[in-house]
Amino acid sequence: MPKDSLGIYALNAKQLIKKSAVQSFKIPEKGGSWVAFLAETPTKTAKPDTTKPAKTKPKKESDENGYGLVWRDLKTGTEKNFGFVTDYEVSKNGNRLAFASTGSDSTKAGVYVFETATQQAQLILTAHPKHKFKKLAFDEVGAQLAFVADLDTNAKKPLRMPKLMYWKTGEVAAALLCDETRQPGPSGWLVSSEYAPKFAKNGSKLFFGTNPKPILPDTLLLPEEIVNVEVWNWQDQKLQPQQKVSLEMDKKRSYLAVVNLNDKKIAQLANPAIPDVELVDEGNADFILATSNVKYANQHWDWNPKQDIYLVNVRDGAATLLKQKLEGVARVSPAGKYLYWFSNPDTAWFAHDTAQNKTIQLTDNKAIQFADEEDDHPDFPNPYGLAGWSKNDESVLIYDRYDIWQIEPKNATQKKNLTAGRTEKTQYRYLKLDAEERAIDLTKTLLLKTVNETTKREGFAQIQIANSKYPQTRSQIADSQPQENLKSQTSNVERSKSADAQSNIQRLLEGDFKIGNVVLKAKDTDRLLFTQETFKAYPDWYATDLSFKNTVRVTDANPQQADYLWGSVEVVNWRAGDGTPLQGLLYKPENFDPSKKYPMMTYFYEKNSDNLHSHVAPRPIRSYVNYAYFVSNGYVVFVPDIVYKTGYPGQNAYNCVVPGVLSIIDKGFVDKDRIGISGHSWGGYQTAYLITQTNLFRAAEAGAPVVNMTSAYGGIRWESGNSRQSQYERNQTRIGGTLWDKPLQYVENSPLFHAPKIQTPVLMMHNDDDGAVPWYQGIEFYMALKRLDKPVWMLNYNGEKHGLTKRQNMKDFAVRLYQYFDHYLKDAPAPAWMTNGLPMLEKGINQRLLPAQKAADR
């Protein structure tokens with residue numbers, strides 16, 4: 001394959017310059033009109049002169065020796081070349097470029113700092129060509145540099161002794177800060193070669209990593225003498241499969257330490273008992289946040305173990321315990337005045353004042369629900385999240401289902417609803433336009449994204465928070481009104497405040513489309529770029545300014561779509577078997593004729609009605625049906641939402657899906673005898689279950705289904721190494737108890753135990769390297785149906801995981817899936833793989849995609 005090239009396009013001159021065989025490039029974030037890139041130096045092949053004695057072999061570029069580093073001035077085109085560079089870094093302001101070289105005929109081996117203003121390179125550390133340097137890091141202003149050095153010339157030595165080196169402007173040479181003889185960890189620890197040093201933003205501290213000496217293998221043992229055995233101990237903090245998944249990461253694990261640069265005092269901040277840390281105020285604060293789940297890690301049935309929360313002093317490493325057994329994730333406010341978290345059991349937000357060592361409850365989820373109102377798992381609901389903190393940590397902006405609430409920790413009972421979107425069921429969410437923004441400036445106009453829950457219309461709005469004032473807050477009502485009157489009182493006040501809230505909000509753009517998650521703003525002007533899409537319209541980029549008065553589409557990325565039949569989509573409503581109102585999506589072919597009878601595909605996964613305006617491009621499929629392909633080929637596609645009650649996920653699916661399908665049949669344009677059903681993973685399970693309860697579907701495809709919860713319950717999710725137990729007890733499967741507490745629910749919800757009732761042909765895809773659902777689940781279903789002499793096919797793409805990743809496999813699966821449904825729902829000829837199978841002798845040679853007779857003729 002050809003090597004990568006770097007393209008440099010001059011916008012004014014409209015000129016493209018290409019640099020070949022480039023391995024990497026870097027540009028300064030905040031200044032400097034230059035680029036540095038590492039590339040293979042072009043070599044000229046010369047005919048050897050046999051009349052002269054042979055010279056020493058010339059040094060060749062390689063990963064070990066390094067490659068050519070080029071510094072290029074983008075304005076003038078001037079270039080500087082440095083040979084055999086193994087690592088390099090640029091300062092944010094563009095003043096300096098640092099690099100490590102193994103040396104050449106004209107350059108000594110060592111570490112250099114190149115001054116871009118003078119275009120002069122300073123050798124700050126002279127080295128041997130076999131010395132190794134990595135993890136070069138500048139401070140915020142490019143005045144200080146740190147890096148990790150390995151100064152042992154014996155490359156075969158298994159135990160390495162990394163050194164932390166430091167240089168600052170004005171100094172002639174880099175100095176040693178820490179090594180194996182001077183490091184803050186326990187005796188025998190080393191400086192980590194895997195952690196990239198990081199300066200505090202104000203340059204006062206240098207954070208680096210340490211780690212215990214690695215455990216080295218006995219090199220005297222022969223391979224046949226080495227025993228490979230896993231010991232699964234009931235007291236293991238991490239399951240053996242978890243340890244296997246994280247093995248390479250664990251080998252490189254480091255623990256944070258710090259050098260206080262004013263006096264060079266060092267301190268160890270993290271350790272195996274308190275391993276996880278977060279810098280405060282970009283490293284400027286005199287403490288850091290540390291968390292540990294080590295005490296609770298052996299609770300393998302819980303995917304989100306409890307945590308202990310600490311503050312750690314960066315001067316001496318002393319850790320102060322703030323909270324134990326937190327069920328949530330702790331974070332730190334931008335200025336470091338508060339730690340904050342959402343406590344799952346309390347269903348509430350909390351803030352901890354770091355100066356006063358005081359914890360404040362910000363919300364209670366009673367008058368205002370800040371956690372998912374519609375969550376139907378047998379577990380604590382997740383929070384809606386937050387927009388962020390205001391400047392100086394004065395207040396925090398927290399989301400409920402629709403609105404943004406401003407809460408000051410010093411006066412948490414006063415909660416200001418900034419948006420009042422609940423009345424219209426419009427959700428408001430803050431859009432961060434500056435990637436470097438750490439705190440929200442409430443004196444400025446803020447841009448919001450809007451989504452109407454009912455109509456699915458999306459758009460933009462802006463708000464002046466400094467001007468939003470309400471006569472009474474919802475929290476005051478909660479304090480003054482009896483609980484039984486709370487709902488009606490708050491809704492009345494919401495109506496009375498709605499006009500006041502909306503007066504501070506200006507709607508800028510809204511329509512029947514979806515706005516992309518990325519909104520880009522030019523740094524120095526108010527110009528914006530965003531994507532806008534519908535099922536029919538590709539997500540092209542649009543340009544506008546902050547007024548949104550003139551919005552212009554600037555790309556046309558998919559013009560070929562005009563040559564193909566597409567379709568339309570609409571929201572449909574019906575009631576579940578128990579009377580619950582439900583929504584779903586109905587996709588119809590282009591030129592839809594309601595007087596005709598169409599075949600229909602049914603696909604589902606939890607809830608999808610909010611994806612009304614999502615564009616679906618026809619492409620090879622990973623695991624699920626492609627709506628655009630089906631409607632383009634004359635199908636109707638129905639995508640129902642499903643809601644659940646604890647204990648009976650299979651019956652819940654029946655309760656929602658079957659009445660939904662019947663409601664579509666009642667519209668008169670679907671052939672009730674030509675309806676297919678498809679789902680993958682969780683949807684695959686429900687597909688398998690539904691065909692044990694109804695003969696409504698002519699054909700079914702169940703991808704990676706769990707069919708026997710009793711055998712799957714005790715298994716492992718191999719991609720993560722986690723126990724599967726939590727999946728069934730508290731998460732997606734929603735049984736709500738252990739296998740021994742609720743054995744009947746596990747059996748009743750398992751399709752395998754109802755297999756004799758199945759009258760529907762079944763196609764499965766279940767791959768032998770599936771790390772989410774054990775592929776033996778697919779085998780169990782296949783073997784049961786095969787024994788019962790029911791039509792069943794299972795596709796196993798060797799080496800693929802839960803969903804397909806290789807393009808040739810995705811294309812193959814798409815063809816087989818469409819052939820399968822076309823055969824049953826449109827009377828298309830069955831391909832040979834369906835009628836005669838695919839013998840192992842023909843695997844990879846003949847895919848048997850043609851009908852049997854045509855294949856024989858060919």
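Predicted model: local features only at pLDDT ≥ 70, side-chain atom pairs only at ≥ 80, totals over all residues.
Student: Where should I start with strand S12, and is it enclosed or open?

Tutor: Start with burial. A residue under 20% relative accessible area counts as buried. Strand S12 covers residues 163-168, and five of its six residues are buried, so the strand is largely enclosed by the rest of the structure.

Student: Which strands are joined to S12?

Tutor: Look for bridges on either side. Strand S11, residues 144-150, is joined to S12 by six bridges, and the two run antiparallel. Glutamine 144 stands opposite lysine 168 there. Strand S13, residues 175-178, also runs antiparallel to S12, with three bridges. In that pair, leucine 164 has cysteine 178 as its bridge partner.

Student: What do S12 and S13 form, and how many residues lie between them?

Tutor: They form a hairpin with six residues between them. Check glycine 170 in the turn: its phi is positive, about 95°.

Student: How many residues of helix H7 are buried?

Tutor: Nine of nine, so to speak: helix H7, residues 682-690, is mostly covered. Among the buried residues are Trp682, Tyr685 and Leu690.

Student: What do the buried residues of H7 pack against?

Tutor: Several elements, including helix H6 (649-665), strand S43 (670-680) and helix H11 (776-787).

Student: Where does asparagine 608 lie?

Tutor: In the loop between strand S41 (598-603) and helix H5 (627-632).

Student: What is asparagine 608 in contact with?

Tutor: Leaving aside neighbours within four places in sequence, asparagine 608 is in contact with Leu585, Val639 and Asp641. A polar atom of its side chain also lies 3.0 Å from the backbone oxygen of tyrosine 605.

Student: Why can charged side chains pair?

Tutor: Opposite charges can pair when the charged atoms come close. This structure holds 49 salt bridges. One of them links lysine 134 and glutamate 194, whose closest N and O atoms are 4.0 Å apart. Lysine 134 lies in strand S10 and glutamate 194 in the loop between S14 and S15, so the pair ties together parts 60 residues apart in sequence.

Student: Which residues are linked in a network of salt bridges?

Tutor: Glu373, Glu374, Asp400, Arg401, Arg422, Glu453 and Lys607.

Student: How exposed is the pair of aspartate 673 and lysine 672?

Tutor: Their salt bridge has its closest N and O atoms 3.4 Å apart. Aspartate 673 is partly exposed at 45%. Lysine 672, at 52% relative accessibility, counts as exposed.

Technical notes:
Residues numbered from 1 in each chain as written. Heavy atoms only, no water. Buried < 20%, exposed > 50% of the residue type's maximum accessible area, 1.4 Å probe, protein only. Helix = DSSP H or I, 4+ residues; strand = E, 2+ residues; numbered from the N terminus. Pairing = 2+ DSSP bridges. Contact = heavy atoms within 4.5 Å. Polar contact = N/O pair within 3.5 Å; in protein donor to acceptor, adjacent residues only side chain to side chain. Salt bridge = Lys/Arg side-chain N within 4 Å of Asp/Glu carboxyl O.
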